[in-house]
Amino acid sequence: MFEHIFEAFLLVIQPEVLLAMVLGTVMGILLGALPGLSATLGIALAIPFSYALSPLVALALLAGIHNGASQGGAFPAILLRIPGTPGAICTSFDGYPLAQRGKAGGAMNLAAMSSAVGGTISAIALMLLAPPLAQVALAFGPPEIFWVNIFGIAAIAALLGDDFLKGVIAACFGLLLSAIGIDNVTGQERFTFDLMQLSSGIPILVVMVGVFSFPPAWELATRSMNQAAGGETFKIVSEKIWKLSQVWRIWLKSSFIGIIIGILPGSAIGSFIAYNEARRSSKNPDEFGKGSIEGLAAAESVNNADNAAAMIPTLTLGVPGSAIAALMLGALLIHGLQPGPQLFRDAPQIVFGYAWAMLITSLLLIPLGGAVASRLFAHVLRIPPGLLLPIIVVTAVLGSFASQNAMFTVYLAALFGLIGLMMERLNFPLAPVIIGLVLGAKAEFSLRISLMMSGGDATVLFTRPICIVMICLTLLLLSIPARRALRLYWPKRPATTTGG
Amino acid sequence: MTDTRGNAPPGQPSPASLRLLSGDALAAVGVFVFGATAFFMTSDFSGQTRIFPQIVSGMMMFCAALLFLRTLRFGQKPQVRPAVNKMALGRSIAATLGYVALIVPLGFLAASLIYMPLAAYLVGVRNHLLIWSMTILFVGGIYLLFTGPFHTPIPRGLIFQLF
C-alpha cells in the first residue's frame with residue numbers, strides 16, 4: 001500500500017496536476033463565495049471539461065473545486081451572514097459577529113486554516129481507511145453487491161432531504177432512467193421510443209449537468225437581479241485573532257466528527273454536530289454565537305473534514321454517500337474507471353493520487369483562502385447574480401454538447417433541467433436521482449447475475465451472511481425516517497386529565 | 001348536517017379540496033401516471049429484462065399512492081421556500097430554451113453572443129460595460145479553449161456552413 005501511496009505522490013507533483021489543483025481550488029473558492037452556487041454545481045459543470053484531460057489531472061481539478069467550494073462558503077458567511085454553502089451556516093454564527101467587530105480578516109484566516117486542517121486529516125483518513133475496506137469488499141459476490149447498492153440508494157433516499165417518500169420516488173426515477181437503452185444481457189431495447197440516441201442509455205453526465213446546473217441558474221434570475229450579494233466595500237485587515245493552543249483540540253475533534261459523518265451515506269449535519277460538541281465542551285459556551293474562536297474553528301474544520309471521507313464508500317464499494325460523491329463517481333466512470341474494490345488493484349495510482357490531491361488542495365486553502373487572498377475574492381460578491389445566469393447556462397450547454405458532440409444531449413440536459421426545477425419546487429431531493437441512475441445498472445446486473453447463478457432461486461439474495469447483514473442495515477436505516485414520519489403524522493395524544 | 005371537510009364560504013372550494021389541489025397531491029398523481037406508464041411499457045419486454053423496471057415502477061406507484069393518501073389525510077407540510085418571481089423565472093427559462101434552439105441554425109458562437117447579453121438584460125442587469133465585456137471575454141475564452149487545447153468541435157451553425 002505504501003509504495004502505491006509514494007508512487008501516486010510522484011505523479012501528483014507533476015506540473016500539470018499541480019496547476020489543475022491550483023485552478024480547481026481558486027474556481028471552487030469563487031463558486032463557494034457566491035451564494036446560490038455550490039460545489040455540486042461547480043463539479044457538474046467542470047466534469048464535461050475534464051474529458052480532454054488525463055484522469056489524474058481531471059480528478060485533481062475536481063478535488064480542488066470540492067475543497068475550495070467548501071471553504072469559499074465562509075466568505076459571504078463571515079462578511080454578510082449569508083452562508084455561501086449549506087455547510088457554512090454554522091460559520092456565520094461566529095464569523096459574522098467577528099467581522100462586525102472589525103476582525104473579518106482574522107476570521108477568514110482562522111476559517112482557511114481550520115478548513116485546511118479538516119481537509120488534510122480527512123485526506124489522510126481516505127488514504128489509510130479505504131484500502132482495508134476495499135480488501136473486505138473484494139469478498140463480495142453479486143448478491144452482496146446487489147444489497148450494497150440497495151443500501152446506498154436507501155441511505156440517500158432516507159437520510160437526504162426532509163421527506164422519505166419523495167426521496168424514494170426520486171431514487172426510483174433515477175433507477176428507471178438507468179434502465180433506458182439496450183439491455184446488456186438480452187440485447188433488447190427498453191424505453192428507447194425508437195430513438196437511436198437512447199439505445200446506449202441516458203448519459204450520466206447529461207443528467208448531472210441538467211439537474212444540478214440549470215435549476216440554480218434559473219433560480220438566480222428570481223433574486224434581486226441587479227443587486228450583488230455584497231454592495232458594500234469590505235475592509236479586510238489581516239490579523240491573527242487566535243492561538244494554536246486555543247483551537248487544536250477543536251480541530252482534531254471536529255475533523256474526527258466530520259470523517260465519521262462523511263463516511264456515513266446521506267449525512268448532511270456534520271457542521272451542526274461539531275458546533276454543538278464544541279460548545280458543550282467549551283469553557284466559554286456563552287461566547288458561541290457572539291464571535292467565538294472555537295465555534296468558528298469547529299464549523300470550518302468539520303466542513304472540509306467530510307469531503308475526502310465521503311469518498312471512502314464511493315471508492316471502495318462504488319456507493320456514493322452524497323450528491324458530490326455521486327458526481328465524482330460519474331467522473332470516474334466517464335474516464336473509464338469503475339469505482340469499487342478492483343479500482344485499488346487496477347489503478348492504485350488514481351485512487352491514492354486523488355487522495356493526495358484532496359490533501360494538497362486542502363493545504364492550498366491556507367494561501368488561497370486566507371485574509372490576503374480574501375481581499376481579492378471579496379470582489380466576486382459584487383457580481384450581479386443576473387450576470388451569472390447566462391455564464392452558467394452557456395457552460396452547461398457546451399458541457400452537455402461536448403459529452404457526445406451532439407445537440408441531442410443538449411436537448412436532454414435542458415429537459416432534465418426543467419425536471420430538476422420542477423422537483424426542487426415540489427421539494428423532491430435531486431441527489432437520489434443521480435445515485436439511482438449511477439447505481440441502477442450495477443444493482444440490476446448484480447441481481448440478474450445472482451439469479452442466473454442460483455438457477456432462478458431468489459433465496460440466494462437472502463441467505464448469505466453478508467446479505468443478511470446488509471438487509472438488516474438497510475431495514476435499520478429505513479426505520480429512521482419511518483419513526484420520524486410516525487412522530488410527525490401521528491403525534492402522541494395529550495394526556496387527558498381525569499377527575500377534578 | 002355539518003360539513004366535516006371544512007367551513008368554506010358558499011361558492012368557494014373547501015380546505016379539503018384545496019388540499020387535494022396542493023403540489024404534493026398533483027405530484028403524487030403525476031408520479032403515479034409516470035410509474036404506471038413505465039410498468040405498462042415493461043409488458044413488451046421479455047422475462048428477465050422486465051423484472052427490474054417492473055419492481056422499480058411498481059415501487060414508484062406504491063410510493064406515489066402513499067404520498068397522495070398522506071396529502072389527503074394530513075394536508076401538505078408547510079413549505080419554507082421563499083416566494084418566487086415567476087415572471088423572472090419564466091423569462092430565464094424561455095431565454096435558455098430559445099438559446100438552445102438557436103444553436104443549430106446560428107452556431108455556438110453567434111447564439112451565445114446574442115443570448116448572454118439578452119439574458120442579462122432580461123433579468124434586469126443594466127451595467128452595459130460589464131455585460132458586453134463579460135460576454136466577449138467569456139464566449140471568446142470558452143471558444144478558444146474548446147477549439148484549441150480541448151480539440152473539441154463546437155456547433156458551427158447551418159447558416160455559416162453555407163459560406
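**Close-up views of a predicted model**

**View 1. Confidence along chain A.** In this predicted model, helix α20(A) has the highest mean pLDDT among the elements of chain A, at 92, while helix α18 (residues 371-377) has the lowest, at 66. Chain A as a whole averages a pLDDT of 82, and 89% of its residues score at least 70.

**View 2. Helix α20 of chain A and its surroundings.** This helix runs over residues 407-425 and spans 27 Å from its first C-alpha to its last, close to the 27 Å expected for its 19 residues. Its buried residues include Met407(A), Leu412(A), Phe416(A), Leu421(A) and Met423(A). Among the elements covering them are α19 (385-404) and α21 (431-453) of chain A, and chain B contributes α4 (86-106). Just past the helix, look for Asn427(A), whose phi is positive at about 65°.

**View 3. Glu277(A) and its two partners.** One salt bridge joins Glu277(A) to Lys253(A) at 3.3 Å, N to O. Glu277(A) lies in helix α12 (residues 270-281) and Lys253(A) in helix α11 (residues 244-263), so the contact ties together parts 24 residues apart in sequence. Glu277(A) also forms a salt bridge with Arg280(A), at 2.9 Å, N to O. Those two residues are 3 apart in helix α12, about one helical turn. Arg280(A) is exposed, with a relative accessible area of 62%, and Lys253(A) is partly exposed, at 33%.

Conventions: Residues are numbered from 1 along each chain as its sequence is written. Chains are lettered from A and ligands numbered from 1 in the order in which they are written. This is a predicted model: local features need pLDDT of at least 70, side-chain atom pairs count only at pLDDT 80 or more; totals for chains, interfaces and linings use all residues. Side-chain values use heavy atoms; hydrogens and water are left out. Helices (H or I, at least four residues) and strands (E, at least two) are DSSP runs, numbered from the N terminus. The expected span of a helix is 1.5 Å times one less than its number of residues. Buried means under 20% relative accessible area, exposed over 50%, partly exposed in between (1.4 Å probe, protein chains only). Contact means heavy atoms within 4.5 Å. pLDDT is the predictor's confidence in each residue, from 0 to 100. A salt bridge is a side-chain nitrogen of Lys or Arg within 4 Å of a carboxyl oxygen of Asp or Glu.
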